[in-house]
Amino acid sequence: MEIRMYECGFGDCFRLREANQVDLYVDFGIHSSSWSGNDKTNRFDNIIADMNEKKDFLLTHYHDDHFNGAIYMATTTPHRFNNVYISDVWNMPGSVYVTSLTLLRGIFTRSVILGENTIIDFLETICTRRSRIHFISRGVKFHNDQYIALWPEKKNMWLERHKVCLKNYRLS
């Protein structure tokens, strides 16, 4: 296996490559205050120039310095990811449904994750029409069973802090 870490500032980008396999990119971004515009786009362009046609993306968490390069790639080039793996931060039964409701809420309220982009805009932008979005949790095998997710922690701190909000949220 070849592991490449690209120099891109705070938001790291790693490429995992095995012979005759689909590449896996782990995060792809730069902290917005880290680099000037041209320097940032040059760094993104260098990563994109190194990409194969078939590639997957693993987003470890939802900070813009971990995904803004993926948005840049999708809005300036024909490159897209085949599979997108997103951490199941809730780590509870039905979390995919909670995420779906959050995405739907984003469509109606335009909740913002970066500038004018919603989570749904982000996913639509970086994926091919044949892409699949996978929610992965601790212990789940992904990317053709090559890797095992080691996060989020079993006792999810996000869930602990937001139990009141989730308890009060009801479908009508």
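Trainee: Where is T60 found?

Mentor: In the loop between β4 and α2. Helices (H or I, at least four residues) and strands (E, at least two) are DSSP runs, numbered from the N terminus. This is a predicted model: local features need pLDDT of at least 70, side-chain atom pairs need 80 or more, and totals for chains, interfaces and linings use all residues. Residues count from 1 along each chain as its sequence is written, and side-chain values use heavy atoms, without hydrogens or water.

Trainee: What makes the pair of T60 and D27 a polar contact?

Mentor: Their side chains approach to 2.7 Å. The rule asks for N or O atoms within 3.5 Å; within protein, one must be able to donate a hydrogen and the other to accept it, and sequence neighbours count only if both atoms are side-chain atoms. At 2.7 Å the pair falls within 3.5 Å, so it counts.

Trainee: Which residues does T60 touch?

Mentor: V26, D27, H66, S87 and W151, leaving out residues up to four places away in sequence. Contact means heavy atoms within 4.5 Å.

Trainee: Why is F28 called buried?

Mentor: Buried means under 20% relative accessible area, exposed over 50%, partly exposed in between (1.4 Å probe, protein chains only). F28 has 0%, so it is buried. F44 has 2%, so it is buried too.

Trainee: Why is the pair of F28 and F44 called edge-to-face?

Mentor: Rings of Phe, Tyr and Trp (its six-membered ring) pair if their centres lie within 6.5 Å; planes under 30 degrees apart are stacked, over 60 edge-to-face, the rest tilted. Here the centres are 5.5 Å apart and the planes stand at 90 degrees, so the label is edge-to-face. F28 lies in the loop between β3 and α1, and F44 in helix α1, 16 residues apart.

Trainee: What makes the pair of F44 and Y72 tilted?

Mentor: The centres are 5.2 Å apart, with 35 degrees between the planes. F44 is in helix α1 and Y72 in helix α2, so the pair ties together parts 28 residues apart in sequence.

Trainee: Which residues touch the most other members of the largest nonpolar core?

Mentor: F28, F57, F81, F122 and I126, in a core of 24 residues. Such a core is a set of buried Ala, Val, Leu, Ile, Met, Phe, Trp, Tyr and Cys residues joined through side-chain atoms within 4.5 Å. Helix α2 gives the most to this core, with five residues.
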